[in-house]
Amino acid sequence: MNYLDFISPKTEFYQLSAPFSLESGEELIGVQVAYRTWGKLNATGDNGVLICHALTGSADADDWWGDLFGAGKAFDPDQDFIVCSNILGSCYGTTGATSINPNTGKVYGAYFPRITIRDMVNLQAALLEYLAVKSLQLVIGGSLGGMQVLEWALLYPEKVRAISPMASPGRHSAWSIGLSEAQRQAIYTDPNWQGGNYTIDAPPNQGLAVARMMAMITYRYWESFTNRFGRQQNESNQFAISSYLQYQGQKLIERFDANTYITLTHAMDSHDVSWNRKDYQSVLRSIKQPTLVVAIDSDVLYPPVEQQELVDLIPHAQLRVLKSTHGHDAFLIDMEALNEMVVCFRLK
């Protein structure tokens, strides 16, 4: 599968000239970053806005957050220089499991090294330096993107003027780690999985599809599925919800990579802003930027109690609750309400 087929033709690429050091101590050679930009950087380089994408997302933020782009909206290309890059470890043009390991001449596959959220952020920082962005008016993202947002505030406080983590925690809970592990185990039990990797002649399919089906249940909510599907059945007496989940699973394997999924879920499990720092409460209290925390009242993956915790500890944080029947994915669905929240925050 050529994952470049799923990349917008407007995507650009930056290749680091020096080795890229990971938090683990390992180094990656020839790291490439896929990214997109909107608007123009001003003369002082201080009108940057960084969008951080979620697990299976890409740099094409105007595709999945299109309603937030435009004059007078959250992301205004007439005023902002907006950047979104495909994160380290993903499969849409940035170095990851589908890339060639220059040391072996073969695809990394399952042998791509363990990475962390901080590694993703450090690579984004290298890209912004290349783009001559001196400071960021806002760093914003949901879910895995929100984890990156928090690390931006902590790793590069002098470059970030405001942040907005959405539907995201300060550290991955046992609940979330357990869900990630169950999804990885679905991939590992795929019949084509051998010795921690997939055979070349039998690429992964159903393991990743099942992992996606599990994930989709956590991305939605009881009321959402009940209202949409109820107990409807098709002509084969298959429940509509079953058909929907199977469809979502098959759709993902057409555009995503199983080893990438493993890499990124492990990175999410490593997320803890206090790791190798001070205690958790002190670390969050050290975030000084104005902060818009968005919670989703029906989110079962990262429930509102986790966002409330952020607001209770980050000194200049405010909480806005997105009321939705759609669950965790509401930050990608209820965009009109979300746009209003971000616009109001940026006007203050």
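These legends go with close-up views of a predicted model. Residues are numbered from 1 along each chain as its sequence is written. Because this is a predicted model, local features need pLDDT of at least 70 and side-chain atom pairs count only at pLDDT 80 or more, while totals for chains, interfaces and linings use all residues.

**View 1. Three annotated residues gather at one spot.**
UniProt, in an unreviewed entry, places the feature "active site" at Ser143, Asp299 and His328. They span 186 residues in sequence, yet no two of their C-alpha atoms are more than 10.8 Å apart, so they gather at one spot. Such annotations may be inferred rather than shown by experiment.

**View 2. Serine 143 sits in a loop.**
Look between strand S9 (136-142) and helix H3 (144-155) to find serine 143. Helices (H or I, at least four residues) and strands (E, at least two) are DSSP runs, numbered from the N terminus. Serine 143 has a relative accessible area of 6% and is buried, where buried means under 20% relative accessible area with a 1.4 Å probe, protein chains only. Leaving aside neighbours within four places in sequence, its contacts (heavy atoms within 4.5 Å) include Ala54, Met166, Tyr302 and His328.

**View 3. Histidine 328 is buried too.**
This histidine 328 lies in the loop between strand S14 (317-322) and helix H11 (335-347). The relative accessibility of histidine 328 is 2%. Beyond its neighbours within four places in sequence, histidine 328 is in contact with several residues, among them Ser143, Thr218, Asp299 and Tyr302.

Notes
Side-chain values use heavy atoms; hydrogens and water are left out. Buried means under 20% relative accessible area, exposed over 50%, partly exposed in between (1.4 Å probe, protein chains only).
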